[in-house]
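Have the model open and follow along.

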Amino acid sequence: MQKEIVEDLRQQQILLTAINSKLKKKSHNITNYSQIYANTEKITNQIPHLQKRPIKKKSILLLGIILSLPALIFFAITTDTGIFVEEQDSLTSKYVTENLRGDTIDTWKFWNIIPGSALTVNIVNSELLDDDKILIIKNAITSYETILIDDSLVHKGPKGTSSTYYLGWTGSLKNAAELYPTKYPIPNNFDIIESKRGEGDIIILLSKLKDTDGYSGFTKSTVDGNEILKTSITIYDVNNLSESQLSTIILHEMGHAMGLAHSTAPEDLMYPVIETDFPYISECNISAIAALYNGEIQGQVVCEK
Amino acid sequence: MTLRENLNVIVIDDDYNTVEVFAEFLELSQVKVVGKGYDGKDGVHLYKQLKPDIVFLDVMMPDFDGFYALENIKKINPNALVVMITADLSTETEIKLENMKATSIVYKPFDIQQIIEIIDKLSLKVVKS
């Protein structure tokens with residue numbers, strides 16, 4: 001229990017720093033969280049002393065902390081003066097979170113198409129980008145190109161072993177359709193149009209606006225039961241994306257559009273935050289697609305390699 | 001890429017400040033905190049009453065601990081999503097929680113980004129069920 005008291009205080013400091021950072025983003029007028037931060041920092045500094053004191057003194061000190069924190073939070077929220085502390089690098093981690101299931105990709109919803117038919121992808125507001133960048137979007141959907149990546153670079157195997165990655169969804173989906181017999185046909189043909197009227201099965205809306213939560217892409221699917229009827233992808237702040245960023249976001253969001261949820265593996269294209277240097281469609285993504293279109297809609301695909 | 005705003009959660013921890021600050025953080029992250037409790041008994045009562053999508057549950061609590069709450073919440077709903085939060089790094093506790101079908105174990109002090117990722121991942125399960 002004593003150990004948990006110390007960890008609780010450290011936890012509160014981390015949370016308050018995160019709250020501070022979020023509020024700073026929300027409004028530059030809400031300030032003074034530095035007071036709380038300073039207070040929690042002071043508390044953390046007292047931890048070594050606290051650990052050496054007799055239990056009774058600890059209880060008194062903790063009671064004081066407990067009583068003072070709500071007041072400080074109230075003070076920080078209701079005042080608009082003061083200086084914000086520098087944003088802390090709370091994302092670099094010495095902390096541990098464990099997922100009990102290992103690295104997995106959830107499968108989610110699927111398209112139920114007539115075998116051989118194509119899905120129409122409509123790029124809306126294509127005039128916002130030059131032809132080269134529009135071509136990059138199209139390539140992320142229609143390319144058959146593959147590359148070989150050494151497994152050691154993506155922490156999936158020893159040096160010298162390698163895996164094939166696809167640079168576009170058409171190639172990977174055709175591969176999935178050929179490799180796996182599935183209950184529902186895997187869509188692997190796409191007709192790409194550029195229209196303002198919102199027709200098509202998958203709408204890619206290019207937007208100049210920045211998302212307030214910092215997302216680069218957002219995918220929303222209209223479904224009936226587990227079947228996708230129409231999918232809308234929004235790409236935010238599109239003018240400020242590099243060619244590789246644009247390609248990566250399209251690959252990721254198209255993964256959602258095809259029915260994939262997020263992966264738990266940081267090296268994977270479908271990880272919620274793109275961290276990998278190799279954001280391409282992996283064999284694991286293909287297996288996940290195959291499982292999904294085989295009706296395993298509640299399933300998870302474990303990326304063994 | 002997020003469905004967080006659709007989630008209802010409850011937070012159970014015997015440390016009042018931890019509950020308050022964690023709840024504040026969750027609300028700012030667009031997750032709706034519908035209940036707060038301070039021991040395992042509170043946790044079971046709140047789960048029964050509110051049927052939240054996710055339960056954030058401290059393990060070490062006096063009298064009625066997290067094991068008690070996890071066991072009884074799973075009796076109410078075997079598929080309940082219960083994220084166990086603990087400073088106890090022992091393998092014994094980990095195995096016990098795994099056997100009790102805890103959805104995830106998070107060790108204090110936890111990384112904010114990892115919590116968000118767990119929430120986003122579980123939010124997809126909520127949509128599916």
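## A sheet and its helices

Strand β3 (residues 119–124) of chain A and strand β7 (residues 202–206) of chain A run parallel and are joined by four bridges. Here strands (E, at least two residues) and helices (H or I, at least four residues) are DSSP runs, numbered from the N terminus, and two strands pair if DSSP finds at least two bridges between them. One bridge to look for links A:N122 to its partner A:I203 in β7(A).

This is a predicted model, in which local features need pLDDT of at least 70, side-chain atom pairs count only at pLDDT 80 or more, and totals for chains, interfaces and linings use all residues. Residues are numbered from 1 along each chain as its sequence is written, while chains are lettered from A and ligands numbered from 1 in the order in which they are written.

Zooming out, β3 and β7 belong to an open sheet of five strands with mixed pairing, in the order β6-β3-β7-β9-β8 (chain A). Its edge strands each pair on one side only:

| Edge strand | Residues |
|---|---|
| β6 (chain A) | 190–193 |
| β8 (chain A) | 217–224 |

From one strand to the next, the twist averages 15 degrees. Helix α4 (residues 131–142) of chain A packs on this sheet and touches β3, β6 and β7 of chain A; contact means C-beta atoms, placed from the backbone, within 7 Å. The direction of α4 makes about 165 degrees with that of β6(A), where axes are lines fitted to C-alpha atoms (for helices over the stretch in contact) and angles run from 0 to 180 degrees between N-to-C directions.

Helix α4(A) also meets helix α6 (residues 243–258) of chain A: their axes come within 9 Å and cross at roughly 35 degrees.

Terms used: Two residues are in contact if their C-beta atoms, placed from the backbone, lie within 7 Å.
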